[in-house]
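Hi everyone, thanks for having me. Please take a look at the structure on the screen, and I'll walk you through a few things in it.

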Amino acid sequence: MFISDKITGTALVALGAAATYGGSLLPPVPGQQVGPNVFPMVVGVGLMLCGAMIAFGIGSVLEQEAEADLAAHSDKVEPATKPSPLVNAAKTLLPPALLLAYVFVGDRLGFVPTAFAIVLAISLAMGARLKLALPLALIAPVLVHLIFLKLLRVPLPPGLLPMPW
Amino acid sequence: MLATLLEAFRLVLAPDVLLAILLASIYGLVVGSLPGLSATMATALLVPVTFYLSPIAAVATIIAASAMAIFSGDIPGCLLRIPGTPASAAYTDEAYAMTRKGEPELALGICVWFSAIGGIIGTLSLIALAPPLAEMALNFSTFEYFWLAFLGLMCATMVARANPVKAIASMLLGLLVSCIGIENPAGTPRFTFGSTDLLGGIEVIPALVGVFALAEVMRNMTEPEPPKMPRRKFGSILKGMWKLTREYPWPQVRGNIVGIIIGVLPGAGADMAAWVSYSMSKRFSRTPEKFGTGHPEGLIEAGASNNASLASGWVPSLLFGIPGDTITAIAIGVLYMKGLNPGPSLFTDRASSMYALYIIFIIANIIMIPLGIVMIRMASKLLSAPRASIMPVIVLLCGVGSFATGNNLFLIVTVAAFGVIGFVMERNGYPVAAMVLGIVMGTMVEQNFITSLIKSDGSIWPFFSRPVAAILAFFTIAALLWPVAYWLWGTMRRTKVVAQRG
């Protein structure tokens, strides 16, 4: 997900402008010169300035130097075959997507079944064989449930599969 | 004094505290040694556990886990040339060169021995520096606190080995995130877009877990598995350490001092300490040409430095509630939760707790040596665990752990959102640590800024007229302007080179 500095810089300018505008709409405190509107406006203006500088490429030389420095000091494993960018994007977005899915169905399905699905999906997506992924998906959620519900008293949803403890 | 010290020992020697130290140490060693899982992440995932511990045990887990993780990040660096935590990246090359020369024991021995010494000296600096600074801090008003917090934010942007403009932009993004909610001087809902979940603002811990842990898992999803570590038998790890300690006194002193100074600076942490110390060691060495070929000097200096910075990072955290690095940013949250609110009065009202904290630091750094040696011997077994079995569990812990900090499903949404934000930022060279510190300190900066402005009737003169405020203002503005100066200098140098070539 490399995005050019021009685009991220412009996006920051837009965000800064929105923050400044949004801040200016906030109601002032009666009888005070400064209120909740000042800080977002200051931050917004700062973001606009930084965004503009990034879009114009100021400081990017330093970044290249730092990257070269880091590359000289440690190894990066290069993939043997390059998968398609679409598959890569899907894999990358899998963990946050699964967490969001937990938010929506966790209460109904219960912690252990949902966690089973999460662990199984990520493990398989990372290239684990079923022989490893399945036992992991069966054991890990139960252990996490035991620790968090019993020892840390976190109210995890029982759902369809309540645990005996 | 003696009574307080005895009380402190009584607090630390309680069975639950000792057990917490031991378990947290093992946890920190394991997590730190896994490439990609940083010390910050190890600490963040511990937070829900600290809810159910006594205040001292809670702080002890954080201290022990973070110290161990910073050391054990050196292990995969030595053996695989892949740093376990970013704080080890500076000298990974050097350590690996030693392993290639057939001296992995020496490299790992240096890492554990000098890490422990650095940690202890860092603790001594914390003991020595905190009380006099606390005395001074009692006279601070909102003007000084504003500059101090602002200075912390600027230091956070200097840490990054990245484009300083992008670092400042990240920090401002963090400040903007901290604006969300009703926790502002007038209690007006800001940027909540009518959502009740956003009224309370963005919680720091889930955001932190998102950018440090979930984003890391996302990165790992597409990256190939790191190479397996060759099984090897290690000889004596500590052999020759005493000789090296006597042979290189100056690198150690310098490393510890640099580490302490960088740690005390609000916002700058262990990674920066290691980079600065390594390059300093090279510059002052009598044999700079040996660097990079498996020479112990730089390793000693940088290895001591990053652990020293860890302890002294607690100075601004305990005194002002301004995090010294991302790890203490988490620790501050835990301190508030446990009723140990940071501030100068902590050192007078809760002196025994502070002494207990020092003792825990020292214990953690002492047991680092035996536990570290066990860890080194077990490392090749542990590191051969496939990533596909670790990452799913981390995702699970990210979700459940964040949920546990407030029993609210919106916290899991926060983790997911910040995971994506963190991933995109990191890929494009925006340092996430600066954003996290922005989120943590935003409310404090704003409160002190607005209160000061109200006190001064809108005039900015008092921000500069008080002596301490003026000094802090000078440093802050210097930190703000240095990227511009550096850029101008770099441009001038380059045009000169081009002119000479032309």
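Let me begin with one definition: two residues are in contact if their C-beta atoms, placed from the backbone, lie within 7 Å. Keep in mind, too, that this is a predicted model.

With that definition, let's look at chain B. Among its contacts with a separation of 6 or more, 78% are between residues 24 or more positions apart. And what about the secondary structure? Chain B has 24 helices and 0 strands.

How does the radius of gyration of chain B fit with a compact globule? For 502 residues, a compact globule would have a value near 23 Å, and chain B has 22 Å, so the two agree. If you like to picture a box, the C-alpha atoms of chain B fill one of roughly 70 × 70 × 50 Å along the principal axes. Of the 502 residues in this chain, 63% count as buried.

Now let's zoom in on one residue, B:Ala8. You'll find B:Ala8 in helix 1 of chain B, which covers residues 2-12. Is B:Ala8 buried or exposed? There are 21 other C-beta atoms within 10 Å of B:Ala8, so this residue is buried; the cut-off for buried is 20 or more. Which residues does B:Ala8 touch, if we skip those up to four places away in sequence? They are B:Ser352, B:Tyr355, B:Ala356 and B:Ile359.

On to chain A. This chain has 6 helices and 0 strands, and along the sequence the pattern reads α-α-α-α-α-α. Of the 165 residues in chain A, 37% count as buried. As for contacts between residues at least 6 apart in sequence, 61% of those in chain A join residues at least 24 apart.

My example here is A:Leu94, which lies in helix 4 of chain A, residues 85-109. A:Leu94 has 19 other C-beta atoms within 10 Å, so it counts as partly exposed. Leaving out neighbours within four places in sequence, A:Leu94 is in contact with A:Ala121, A:Ile122 and A:Ala125, and also with B:Met221 from chain B. A:Pro28, on the other hand, is 66 residues from A:Leu94 in sequence and 43 Å from it in space, C-alpha to C-alpha.

That's my tour, and I'm happy to go back to any part of it.

Notes: Residues numbered from 1 in each chain as written. Chains lettered and ligands numbered in written order. Predicted model: local features only at pLDDT ≥ 70, side-chain atom pairs only at ≥ 80, totals over all residues. Helix = DSSP H or I, 4+ residues; strand = E, 2+ residues; numbered from the N terminus. Buried ≥ 20, exposed ≤ 12 C-beta atoms within 10 Å, placed from the backbone. Rg over C-alpha atoms; globule rule 2.2 N^0.38 Å.
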